[in-house]
Amino acid sequence: MLFSSVTFLYYFLPAVLILYFLVPRFLKNTVLLISSLIFYGWGEPKLLFLMIFTILMFYFCGLMIGRSAEQRWKKFWLVTSIVISVGLLGLFKYADFFIDSFNAVTGLSIPLLRLALPVGISFYTFQSLSYTIDVYRGNVPAQRNPISFGAYVALFPQLIAGPIVRYVDVARELNERKHSWEDFCLGLRRFLVGLGKKILIADNFALLMKLFRESEGKSVLFYWLYAVAFMLNIYFDFSGYSDMAIGLGRIFGFRFIENFNYPYLSKSVTEFWRRWHMSLGSWFRDYIYIPMGGNRVSKARWVFNILTVWMLTGLWHGAAWNFVLWGLLFGVLLMVEKWVPALQKLPNWLRHGYVLLIVCLSFVLFNAESLTQAVTDMGGMFGFAGVPLVNAESLYYLRSYAPLFLMGIVGATPIVRDTARKIGEMPYGVALEVVMMAVLLIVCSAYLVDGSFSPFLYFRF
């Protein structure tokens, strides 16, 4: 089930909200757990057992870590949770990738498993791992209530695509959280903003990308339109979903961490990754990079740590070599920025420009179905694909989508946010804001009823 669907907006969410606010406080986590399992099982009921198993396994391992008096037994249960969860993630997400790669190297023909990829498995696996690791470190006590723990793991607002919420950040709210009309309104507004970003902007860029792939009359201009369209599509798709998740969390009394902070304003690759998918970056930093020694090691070891973390970051996004190379590319770029401090002395416009170009090209690699397609797409952008510089088809799409590109570029900056704040401070600003949100919901609903093209990119991960 998608947030951007009629079923969710007009049936599932209203029913859950009514039930949630009617039941007494001690039953609220039960409502969240049951509704989250329904939400998850709606699209793939056969894999619901995997979610339930994950909840029970991490709950038990957390309890055993908390109860064990000896360090060796704490470590045993921690390692058990890591091995089982990473093993399941590897089986469902990476088994065919490794088998296919092994076959390509050895010439063998080991059959692929072709297992269905459970939606959101990368997100809820990392989220659950943060729980047992933090219990082991003594950062948080083990959760003794299985209902509350299950609600944390399966919580539907951020189950499918994050942000990756650590248990330590919501432990208190799981046991005791406050609800208010102000939080409800703020959460609803944040949800509707995210819904608009997803349906009105991201989905329309996705349609242009689809038209590009289906076109037999490509040009250099069309390749660049595709690259910039995907760059904006992935931002509004993912940040829009994060906005919806954060808004829903606020409605239910949770304060989820921010996941994006206008990354396209960055003036370095390092800054870009401090602003993009922040919950994933901080997870890898705190649970992989720092335990490996971080930068407090020899230079050779530091290089190894960086490349390992960024290779894993690439693999986390997908089981294909283009994702691995995408991750390693950013690892190398981060090291270059560290070793060449003169880059930080360049004019701001030049620094900003090179970051946008690098990110744009990297996302072409990221979105390619194969390395061959990635090479072709990049070659087409720079005139090496044997296509004309411009043609009638690309000019048509440039004119047709120019307002959308303008909307996307402006929307990727704080201009819209700052303008909305000024409107809210005006006389009758609150009433005007309510009208704007109502219009936004009506327009988004019209798109959904019309059956508009509405893929969600991060379902792949």
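The dialogue below takes up helix packing and then aromatic pairs.

Modeller: Please keep in mind that this is a predicted model.

Colleague: By what are two packed helices described?

Modeller: Two packed helices are described by the angle between their axes and the distance between those axes. Here, helix α12 (residues 278–289) packs against helix α13 (residues 299–317) at an angle of about 130°, and their axes are 11 Å apart. That angle makes α12 oblique to α13. The crossing of the two helices, α12 and α13, is right-handed.

Colleague: Which residues of α12 and α13 meet?

Modeller: From α12 come L280, F284, I288 and Y289; in α13 they meet W302, N305, I306, V309, L312, T313, W316 and H317. Of the residues in the contact of α12 with α13, nine are nonpolar, three are polar and none is charged.

Colleague: How many aromatic pairs does the structure hold, and how is one of them classified?

Modeller: The structure holds 68 aromatic pairs. One of them joins Y20 and F252: the ring centres are 4.9 Å apart and the planes stand at 85°, over the 60 degrees required, so the pair is edge-to-face. Y20 lies in helix α1 (residues 6–22) and F252 in the loop between α10 (220–251) and α11 (269–275), so that distant parts of the chain, 232 residues apart, are linked.

Colleague: Are Y20 and F252 buried or exposed?

Modeller: Y20 is buried, with a relative accessible area of 0%, and F252 is buried, with a value of 1%.

Colleague: What are the ring distance and plane angle for W273 and W326?

Modeller: Their ring centres are 5.8 Å apart with planes at 70°, so the pair of W273 and W326 is edge-to-face. W273 in helix α11 and W326 in helix α14 (residues 321–339) are 53 residues apart, and both are buried.

Key. Residues are numbered from 1 along each chain as its sequence is written. This is a predicted model: local features need pLDDT of at least 70, side-chain atom pairs count only at pLDDT 80 or more; totals for chains, interfaces and linings use all residues. Side-chain values use heavy atoms; hydrogens and water are left out. Axes are lines fitted to C-alpha atoms, for helices over the stretch in contact, and angles run from 0 to 180 degrees between N-to-C directions. Helices (H or I, at least four residues) and strands (E, at least two) are DSSP runs, numbered from the N terminus. Angles under 35 degrees count as roughly parallel, over 145 as roughly antiparallel, 65 to 115 as roughly perpendicular and the rest as oblique. A crossing is left-handed if the near helix is turned anticlockwise from the far one by less than a right angle, and right-handed if clockwise. Contact means heavy atoms within 4.5 Å. Ala, Val, Leu, Ile, Met, Phe, Trp, Tyr, Cys and Pro count as nonpolar, Asp, Glu, Lys and Arg as charged, and the others, Gly among them, as polar. Rings of Phe, Tyr and Trp (its six-membered ring) pair if their centres lie within 6.5 Å; planes under 30 degrees apart count as stacked, over 60 as edge-to-face and the rest as tilted. Buried means under 20% relative accessible area, exposed over 50%, partly exposed in between (1.4 Å probe, protein chains only).
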